[in-house]
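Please work through the following exercises with the sequence and the structure at hand. Each task is followed by a solution in steps.

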Amino acid sequence: MTGVVVLDYGSGNLRSAERALAAAGADVRVTDDLAAAAAADGLVVPGVGAFAACMAGIEALGAGPVIAERVAANRPVLGICVGMQVLFEHGDEHGVVTKGLGLLPGGVTRLAATRLPHMGWNTVRAPRDSVLFAGMPAQSRFYFVHSYAMGDPAALAAADATVTTAHHDTDFVAAVERGPLSAAQFHPEKSADTGAALLRNWLAALPSGG
């Protein structure tokens, strides 16, 4: 079985992510042990709430360098929801800009939408070369809960990322894949069969083969 660590830095739907990954076939552990996070076949960075609070938790644990070192060494990382957002250069919430991990270019800002938060099921548009969405029907639906997102898909595409988008009054980045780094703005663990399929695809792409 594939060894996966869900990073416990004080934020995120840890147990639901753990259960979903286990159901998808992973040998999964929720821990704040940075050595385990560094050594795992795959590392999941969850996150709910505010960008600044999640970054504070990551910094307090000292997890930023571990995440960055995994990416530099081509070792897989999956960010979920705010765990995706903190991978970018910065987050701008209520006029306060917080530095992110800088592993993806650009920043996270408030969605330009009349209804916030963006909550519930929405379709996504994945490119043909996506690993995360391989084998899924066009415009598969996933469960979102957020008011902020990376809103510049073109900037990521220019940085050789595979970008999946969704639309809520405006286009935004629903998922991104670049080298060992994968991330989803939605919650795979709350997305029923489509979320389970995405997690299986991610696990199958890990060095151990899923």
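For the classes used below, Ala, Val, Leu, Ile, Met, Phe, Trp, Tyr, Cys and Pro count as nonpolar, Asp, Glu, Lys and Arg as charged, and the others, Gly among them, as polar. The model is predicted: local features need pLDDT of at least 70, side-chain atom pairs count only at pLDDT 80 or more, and totals for chains, interfaces and linings use all residues. Residues are numbered from 1 along each chain as its sequence is written, and side-chain values use heavy atoms, with hydrogens and water left out.

**Exercise 1. Describe the largest cavity and classify its lining.**

Step 1. On a 1 Å grid over the protein atoms alone, a cavity is a set of points where a 1.4 Å probe fits but cannot get out; lining residues have an atom within 4 Å of a point. Grid points are joined across faces, edges and corners, and a volume is the space filled by probe spheres set on the points.

Step 2. The structure has one cavity of 30 Å³ or more, and the volume of the largest cavity is about 30 Å³.

Step 3. Its lining consists of Asn13, Ala17, Pro46, Gly47, Ile80, Cys81, His187 and Glu189.

Step 4. Sorted by class, this lining has four nonpolar, three polar and one charged residues.

**Exercise 2. Determine the strand order of the four-stranded sheet and examine its pairings.**

Step 1. This open sheet has the order S6-S5-S7-S10, and its pairing is mixed.

Step 2. Strands S5 and S6 run antiparallel, joined by four bridges, and His90 has Lys99 in S6 as its bridge partner.

Step 3. The hairpin of S5 and S6 has two residues between the strands, and His94 takes a positive phi near 55 degrees there.

Step 4. Strand S7 (residues 107-110) pairs with S10 in the antiparallel sense over two bridges, with Thr109 opposite Ala149.

**Exercise 3. Why does the pair of Trp121 and Tyr143 tie together parts that are apart in sequence?**

Step 1. Rings of Phe, Tyr and Trp (its six-membered ring) pair if their centres lie within 6.5 Å; planes under 30 degrees apart count as stacked, over 60 as edge-to-face and the rest as tilted. The whole structure contains six aromatic pairs.

Step 2. Trp121 and Tyr143 form an edge-to-face pair, at 5.8 Å centre to centre and with 75 degrees between the planes.

Step 3. Trp121 lies in strand S8 (residues 118-123) and Tyr143 in strand S9 (residues 141-146), so the pair links parts that are 22 residues apart in sequence.

Terms used
On a 1 Å grid over the protein atoms alone, a cavity is a set of points where a 1.4 Å probe fits but cannot get out, and a pocket is an open set with protein on both sides within 12 Å along at least five of seven lines; lining residues have an atom within 4 Å of a point. Two strands pair if DSSP finds at least two bridges between them.
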